[in-house]
Structure formats: C-alpha cells, structure tokens
Amino acid sequence: MGVVITLSMLVLSNLFMTFAWYWHLKNKPTGESSIGSLIAIILASWGIAFFEYCVMIPANRLGNAVGLSVPQLKIFQEVITVCVFIPFVMFFLGEKWRWDYLWAFFCMIGAVYFVNRGSL
C-alpha cells in the first residue's frame, strides 16, 4: 500500500511541477517579455512549485521507507513525468500527437524494468 501511495503522490507532485514549468507558455505574447513580467512568471512558478515540493519530499521519504531505492524512485518519477507531460502539452498547450511520444514511453518502461530487475 505504501508503494501505491508513493506513486500517487509522485503523480500529484508532477502535475504541480509540469504546470509550474510550462503554464506560462500558453497564449504567450509575441515578442520579448519585459523583465517585470518575467519576474512575475518566475515568482508564480515558484509558488506553484512549492506545492510540488510539499508532496514530492514526503513521497520520496515514504517510498524509501517502504523499500524503494533512490534509483527506483527516480525512474518511476521519470515515467510519471512522461505520462503527465504528454497529455499536458497536447490538451493544455495544444501540441499535436507524435508517435515518437509512444516510443519514448516504451524506452522509459525499459528503464523501469532494468532498475527493478534485481528485485523482481
């Protein structure tokens, strides 16, 4: 049960982080941004990222406490990143689907296999 909670928390934290890093690219103005607007975007992103850290840190501590190694936690996080990022860029930012996304995902599944191979 601790692994399920850990993975769920990692998904939630990744939702926050993806939004913190990329929300400002939707409907971005053409041309150069002023330094004032850039600072505002950075501060807003830090504010969003704060919640990512509030979930990510306990998720990693819990995951490690229930027996996941640090490499396992990192690889799971990377797979979750792909699973969160692709729908985000497609539905929130309007990017088009590319089959390369699927192949990248399969490569990540390979990474999950190799990092967990000794414990299977």
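**Close-up views of a predicted model**

**View 1. R98 is partly exposed, with a relative accessible area of 45%.** Here buried means under 20% relative accessible area and exposed over 50%, with partly exposed in between (1.4 Å probe, protein chains only). The side chain of R98 meets that of D100 in a salt bridge, with 2.8 Å from N to O, and D100 also counts as partly exposed, at 44% relative accessibility. A salt bridge is a side-chain nitrogen of Lys or Arg within 4 Å of a carboxyl oxygen of Asp or Glu, and by this rule the count comes to two. The model is predicted, with local features needing pLDDT of at least 70 and side-chain atom pairs counting only at pLDDT 80 or more, while totals for chains, interfaces and linings use all residues. Residues are numbered from 1 along each chain as its sequence is written, and side-chain values use heavy atoms, leaving out hydrogens and water.

**View 2. K74 and E78 form a salt bridge in which the closest N and O atoms are 2.7 Å apart.** These two residues are separated by about one helical turn, because they lie four residues apart in helix α3. (Helices are DSSP runs of H or I with at least four residues, and strands are runs of E with at least two, numbered from the N terminus.) K74 is partly exposed at 48% relative accessibility, and E78 is likewise partly exposed, with a relative accessible area of 26%.

**View 3. The largest nonpolar core has nine residues, namely L68, L73, F76, V79, V82, I86, Y101, M108 and V112.** A nonpolar core is a set of buried Ala, Val, Leu, Ile, Met, Phe, Trp, Tyr and Cys residues joined through side-chain atoms within 4.5 Å. Helices α3 (70-92) and α4 (99-116) each supply at least two residues of this core, and α3 gives the most, with five residues. Leaving aside residues up to four places away in sequence, V79 touches F105, M108, I109 and V112, where contact means heavy atoms within 4.5 Å. A second, separate core of five residues includes L10, M56, A59 and V84.

**View 4. Q77, found in helix α3, is buried, with a relative accessible area of 8%.** Not counting residues up to four places away in sequence, Q77 touches L10, S13, N14 and M56.

**View 5. V3 is found in helix α1, which covers residues 2-22.** This residue counts as partly exposed, at 33% relative accessibility, and, with residues up to four places away in sequence not counted, V3 touches V66 and L68. V3 and N27 are 24 residues apart in sequence, and their C-alpha atoms are 38 Å apart in space.
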